[in-house]
Amino acid sequence: MNTWHSLDVPRTELRLNTTLKCGQSFRWRTTGENEWSGVLRDRIITLQQSDHDVLFKADEGSVGATREILKDYFQLEVNLEALYAKWNQDQNFKKKSGEFAGIRILRQDPLENLFAFICSSNNSISRITMMVNKMSERWGTYIGTVEGDSQPYYSFPTLSRLAEDGVESELRNLGFGYRAKYIAQTAKYILQNHDEKWLESLRYVEYAQCREELMKLSGVGPKVADCVCLMSLDKHESIPVDTHVWQIAKRDYKISGLAAAKSMTPKNYLAIGDFFREIFGDYAGWAHSVIFTADLRQFGEKSRQPSLKRRLLGLSRKKQALSRKRGLR
DNA sequence: ACAGTCCCTTCCTC
DNA sequence: AGAGGAAGGGACT
């Protein structure tokens, strides 16, 4: 019998809607009012934000184990309010921090994190979500469903499944484009040069070396390497600089040598990371994530739900495109 | 309905 | 070293 249990954490320490949907993880589905479901360590987890707490569903036999999984995943030993207080010394941060409290870095499974972010290049959150789901459906293991939702949940595929022959061409058929090759090559490379445990073992390697190792993988450049460093390998000081962060850095901060910079060279990339580490300290990557999320279209000031009219227009366009395609055959 | 532009990048070439 | 283009496909305007 599944019942709700308390994680005993206030909204200022953990806000689910932003933390789960800001583009760190792509596996959480909205399954109710203030409720999200996803897969952690091959089990389905359902979470709910209540007024003064976060609740999780579990049967009596697994309450303790589930709570431990969640404490680890949300890194609850990190005192976020204390960090915000420190980061508030930066005026740009302070402007956002009230509205964007409780945004934490998740401690994700390195394997899922790596492959999700290989998919992320030149891509949007919604399409990355589709791709990660497709990979899980095709090469992962079926786990089950949640109450009141017929959507099946799958574990993320293992390395050896992704290293199988034919994965690349199947991924291409699934619409992964040039990322298909990256995924297949990376899975094979890791198994040939290391083993299944290798990725997780990078948690015990210092940031610079960890980053360097990751960048040997196909489809992994500085940005993706930093995402994996930050979001699953415990490198709290890692700053992934994408075009978005690049814009924020130029717009809101005076970083020497950056004002005149035209493009994102490795040198500029490093300058931005070093600057944020300078002003935010050890957990600079966490601070960066708050600033980043506050600027995201879906959460930020600019956010607005497309009008019903516009959404219907989008739908009818899709239909037309589909019938045109059919007509060609 | 259409067309130009932009997307949470990497890799390759010049 | 640094700039620029190619590589899916979809969404936005």
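Start by selecting Tyr84, Trp87, Phe93, Tyr253, Phe275, Phe276 and Phe280, which together form one aromatic cluster. Before going further, a word on the ground rules: this is a predicted model, where local features need pLDDT of at least 70, side-chain atom pairs count only at pLDDT 80 or more, and totals for chains, interfaces and linings use all residues. Residues are numbered from 1 along each chain as its sequence is written, chains are lettered from A and ligands numbered from 1 in the order in which they are written, and side-chain values use heavy atoms, with hydrogens and water left out.

**Ring pairs**

There are 16 aromatic pairs in the structure (rings of Phe, Tyr and Trp, the last by its six-membered ring, with centres within 6.5 Å; planes under 30 degrees apart are stacked, over 60 edge-to-face, the rest tilted). Zoom in on tyrosine 84 and tryptophan 87: their pair is tilted, 5.7 Å centre to centre with 45 degrees between the planes. Both sit in helix α3 (residues 80-87), three residues apart, or about one turn of the helix; helices here are DSSP runs of H or I, at least four residues, numbered from the N terminus. Tyrosine 84 is buried at 7% relative accessibility, and tryptophan 87 is buried at 1% (buried is under 20% relative accessible area, exposed over 50%, partly exposed in between, with a 1.4 Å probe and protein chains only).

Next, pick tyrosine 283 and tryptophan 286, an edge-to-face pair at 5.5 Å centre to centre and 70 degrees between the planes. Tyrosine 283 is partly exposed at 23%, whereas tryptophan 286 is buried at 0%.

**Nonpolar cores**

Which residues have the most contacts inside the largest nonpolar core? Select Trp87, Leu114, Phe115, Met135, Leu214, Ile272 and Phe280; that core has 74 residues (buried Ala, Val, Leu, Ile, Met, Phe, Trp, Tyr and Cys joined through side-chain atoms within 4.5 Å). Apart from it lies another core of 19 residues, including Leu20, Phe56, Leu70 and Phe74.

**Cysteines**

Finish with the sulfurs. The structure has zero disulfides (cysteine sulfur atoms within 2.5 Å). The sulfur of cysteine 210 has its closest cysteine sulfur in cysteine 229, 3.8 Å away, so that is too far for a bond. Cysteine 210 is buried at 0% relative accessibility. For cysteine 227, the closest cysteine sulfur is also in cysteine 229, at 9.4 Å, again too far for a bond. Cysteine 227 is buried too, at 2%.

Methods. Helices (H or I, at least four residues) and strands (E, at least two) are DSSP runs, numbered from the N terminus.
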